[in-house]
Amino acid sequence: MKKVICKVEYDTANSELVAKYTSGEFGDAAGYEESLYKTAEGKYFIYVNGGADSAYPEENIKRIAQGKVNEWLSQHGF
């Protein structure tokens with residue numbers, strides 16, 4: 001997935017997957033995934049996607065500040 005945010009392109013296909021968090025089982029309408037990526041330029045973003053009843057019923061990309069990356073990782077058990 002690609003998304004431009006504040007004139008910066010974030011692309012899952014051209015970025016490094018750092019960590020992936022999954023909540024729920026496959027097919028769970030409330031389940032979702034959050035995948036943390038790092039671009040070649042060192043910017044981080046989270047790709048989110050989930051079931052119809054989840055916090056992320058549509059796929060999306062959200063920026064995350066470098067200072068918040070460790071917090072996200074520890075929050076998700078990494």
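Modeller: Contact, as used below, means heavy atoms within 4.5 Å. This is a predicted model, in which local features need pLDDT of at least 70 and side-chain atom pairs count only at pLDDT 80 or more, while totals for chains, interfaces and linings use all residues. Residues are numbered from 1 along each chain as its sequence is written, and side-chain values use heavy atoms, with hydrogens and water left out.

Biologist: In what order do the strands of the open sheet stand?
Modeller: Strands here are DSSP runs of E, at least two residues long, numbered from the N terminus, and two of them pair if DSSP finds at least two bridges between them. Seven antiparallel bridges join β3 to β4, β4 and β5 likewise pair in the antiparallel sense over seven bridges, and β5 (residues 44–50) is joined to β6 by five. The open sheet of four strands, with antiparallel pairing, therefore has the order β3-β4-β5-β6.

Biologist: Which are the edge strands?
Modeller: An edge strand in this sheet pairs on one side only. The twist, taken between axes fitted to C-alpha atoms with angles from 0 to 180 degrees between N-to-C directions, averages 20° from one strand to the next. The edge strands are β3 (16–23) and β6 (60–64).

Biologist: With which side chain does the side chain of Glu34 make a polar contact?
Modeller: Glu34 lies in strand β4 (residues 32–38). Beyond four places away in sequence, Glu34 touches several residues, including Ala19, Tyr21, Val48, Trp72 and His76. A polar contact is a pair of N or O atoms within 3.5 Å, one able to donate a hydrogen and the other to accept it within protein, and residues adjacent in sequence count only if both atoms are side-chain atoms. At 2.7 Å, the partner of the Glu34 side chain is Tyr56.

Biologist: How far from Glu34 is the nearest side chain of opposite charge?
Modeller: Glu34 is buried (under 20% relative accessible area; exposed is over 50%, partly exposed in between, with a 1.4 Å probe and protein chains only). Lys and Arg count as positive and Asp and Glu as negative, with His and the chain ends not counted. Glu34 has no salt bridge, which needs a side-chain nitrogen of Lys or Arg within 4 Å of a carboxyl oxygen of Asp or Glu. The nearest side chain of opposite charge, that of Lys62, is at 5.3 Å.

Biologist: What is phi of Lys7?
Modeller: Most residues other than glycine have a negative phi. Cys6, in the loop between β1 (2–5) and β2 (8–11), has a positive phi near 50° and counts as exposed because its relative accessibility is 57%. Lys7 belongs to that loop too and is exposed, with a relative accessible area of 83%. Although Lys7 is not a glycine, its phi is positive, at about 70°.

Biologist: How far apart are the C-alpha atoms of Ile64 and Ile5?
Modeller: Ile64 is found in strand β6 and counts as buried because its relative accessibility is 14%. Leaving aside neighbours within four places in sequence, Ile64 is in contact with Leu36, Tyr44, Phe45, Ile46, Val69 and Trp72. Ile64 and Ile5 are 59 residues apart along the chain, and their C-alpha atoms are separated by 11 Å.
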